Amino acid sequence: MTDEQRPDEQRPDERFTLASERTFLAWMRSSLALLAGGIAMIHLVPQFSTGWVRTTLGLVLIFLAAAAAVVGLRRWSQVEKALRSGAPMPPPHELWLFAVVLTFVAFTAAVASVVAAL
């Protein structure tokens, strides 16, 4: 049964569906920003630390960009399924892992910046 065929009391509120879509688009924007940062790190910042540190951090940012797109898509799919079935929202396990990895990358970049300045 599609949403159009369901009685109004069984359909998910459109506001929640639209909020879920906006969150998905935020994941996509974050993915694009990480991708741009990774490419810039590799190609546009030759004075940053050493070549292997710059390349490694750039590749990690590019990997995180791909991960953000996949996590955002998976999360959106899980939330949509929960909204349509009336199930509880999915736990935020991937979000915690993503935040921890991004924090580690930022810390590593800060250390590399300080070491390069010495």
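Trainee: Is Arg74 buried, partly exposed or exposed?
Mentor: Arg74 is partly exposed, with a relative accessible area of 43%. Buried means under 20% relative accessible area, exposed over 50%, and partly exposed in between (1.4 Å probe, protein chains only). Before we go on: this is a predicted model, where local features need pLDDT of at least 70, side-chain atom pairs count only at pLDDT 80 or more, and totals for chains, interfaces and linings use all residues. Residues are numbered from 1 along each chain as its sequence is written, and side-chain values use heavy atoms, with hydrogens and water left out.
Trainee: Thanks! Which residue does Arg74 meet in a salt bridge?
Mentor: Its side chain meets that of Glu94, at 1.8 Å from N to O. A salt bridge here is a side-chain nitrogen of Lys or Arg within 4 Å of a carboxyl oxygen of Asp or Glu.
Trainee: And what does that pair tie together?
Mentor: Arg74 lies in helix α2 (residues 51-85) and Glu94 in helix α3 (residues 93-117), so the pair links parts 20 residues apart in sequence. Helices are DSSP runs (H or I, at least four residues), numbered from the N terminus. Glu94 is partly exposed too, at 23% relative accessibility.
Trainee: How many salt bridges are there in the whole structure?
Mentor: A search finds two. In the other entry, Arg84 meets Glu80 at 3.3 Å, N to O. Both of these residues sit in helix α2, four residues apart, about one turn of the helix.
Trainee: Is Glu80 buried or exposed?
Mentor: Glu80 is buried, with a relative accessible area of 8%, while Arg84 counts as partly exposed at 34%.
Trainee: New topic: which residues touch the most other members of the largest nonpolar core?
Mentor: Leu34, Phe48, Leu57 and Phe98, out of 14 residues in that core. Such a core is a set of buried Ala, Val, Leu, Ile, Met, Phe, Trp, Tyr and Cys residues joined through side-chain atoms within 4.5 Å.
Trainee: Which element gives the most to it?
Mentor: That's α2, with seven residues.
Trainee: And what does Leu34 touch?
Mentor: Not counting residues up to four places away in sequence, Leu34 touches Leu61, Ile62, Leu64, Ala65, Ala68, Phe98 and Leu102. Contact means heavy atoms within 4.5 Å.
Trainee: Last one: is Leu32 buried or exposed?
Mentor: Leu32 counts as exposed, at 57% relative accessibility, and its place is in helix α1 (residues 14-43).

Note on methods:
Helix = DSSP H or I, 4+ residues; strand = E, 2+ residues; numbered from the N terminus.
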